[in-house]
Amino acid sequence: MFFDPETWVAIAFVILMVVFGYLGVFKSAMSALDKRAERIKTELDDATRLKQEAAKVLADYKARSATAEREAADIIANAKSEAERIATEAKAKMEDFVARRTKTAESKIALAEAQALADVRAAAAEAAVQAASTILSQSVRGQVADDLLAKGITEVRQKLN
């Protein structure tokens, strides 16, 4: 039995374990393993916490995105309604402008017609006065004719104008 190499390996192993036990290698190894386990546990806890925070941030961003989309849709709807309102107002103003311009043009046309009528009457009166003057001057002579002629011309002008 002492000549078997397995026996000597077993005895060497037992002696090595006793030396390790005496020197505290087991405690050091266990302590190192415990520290590593604790570090891994801490990292896992941190990872879990970070995952939860990331989930909260993601939910917050999704909520903000949804809110921003709703606000954008509201802004677009308001802009469309405002554009329609402005277009309606512009159309009403344009129609009012056209109506006022038409009325002004009609007034100017009526005024021009009245002026033309007055000019025609004045020309007719002047022609009548000239004709009357010519006729009276040829048929009536003397001071009486001149007085009658002046008086008649004055009356004709007053009545025709």
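Author: Let me begin with Arg100, which counts as partly exposed at 48% relative accessibility, where buried means under 20% relative accessible area, exposed means over 50%, and partly exposed is in between (1.4 Å probe, protein chains only). This is a predicted model, in which local features need pLDDT of at least 70, side-chain atom pairs count only at pLDDT 80 or more, and totals for chains, interfaces and linings use all residues. Residues are numbered from 1 along each chain as its sequence is written, and side-chain values use heavy atoms, with hydrogens and water left out.

Reader: OK, and which residue does Arg100 form a salt bridge with?

Author: The partner of Arg100 is Asp96, and their closest N and O atoms are 3.3 Å apart; a salt bridge here is a side-chain nitrogen of Lys or Arg within 4 Å of a carboxyl oxygen of Asp or Glu.

Reader: Where do Arg100 and Asp96 lie?

Author: Both are in helix α2, 4 residues apart, which is about one turn of the helix. Helices (H or I, at least four residues) and strands (E, at least two) are DSSP runs, numbered from the N terminus. Asp96 is likewise partly exposed, with 42% relative accessibility.

Reader: Which residues do salt bridges with shared partners join into one network?

Author: Asp46, Arg49 and Glu53 are joined in that way. Asp46 bridges to Arg49 with the closest N and O atoms 3.7 Å apart, while for Glu53 and Arg49 that distance is 3.0 Å.

Reader: And how many residues apart are Asp46 and Arg49 in the helix?

Author: They are 3 residues apart, about one turn of helix α2, which covers residues 25-139, whereas Glu53 and Arg49 are 4 residues apart in α2, again about one turn.

Reader: How many salt bridges does a search of the whole structure find?

Author: That search gives 8 salt bridges.

Reader: Changing topic, which residues does the UniProt "transmembrane region" annotation cover?

Author: The annotation, which comes from an unreviewed UniProt entry, covers residues 6-26; UniProt positions are given in the numbering used here, feature names are shortened, and annotations may be inferred rather than shown by experiment. In the model, that span is 95% helix and 0% strand, with its end C-alpha atoms 24 Å apart.

Reader: How many residues does α1 have, and how far does it reach?

Author: Helix α1 has 19 residues and reaches 27 Å from its first C-alpha to its last, close to the expected 27 Å, a value that is 1.5 Å times one less than the number of residues. After α1 comes Gly24, with a positive phi near 85 degrees.

Reader: Which residues form the nonpolar patch on the surface?

Author: Trp8, Ile11, Ile15, Val19, Tyr22, Leu23 and Val25 form it, with about 730 Å² of accessible area together, and α1 gives the most, with 6 residues. Patches are made of residues with over 30% relative accessible area and no salt bridge, with like charges joined within 9 Å and nonpolar side chains (Val, Leu, Ile, Met, Phe, Trp, Tyr) within 5 Å, and the areas come from the Shrake-Rupley method with a 1.4 Å probe, where for residues only the protein chains shown count as cover. Trp8 is located in α1 and is partly exposed, at 48%.

Reader: And where is Leu16 placed?

Author: Leu16 is in helix α1, which runs over residues 5-23, and Leu16 is partly exposed at 38%. Its C-alpha atom is separated by 164 Å from that of Lys151, which is 135 residues apart along the chain.
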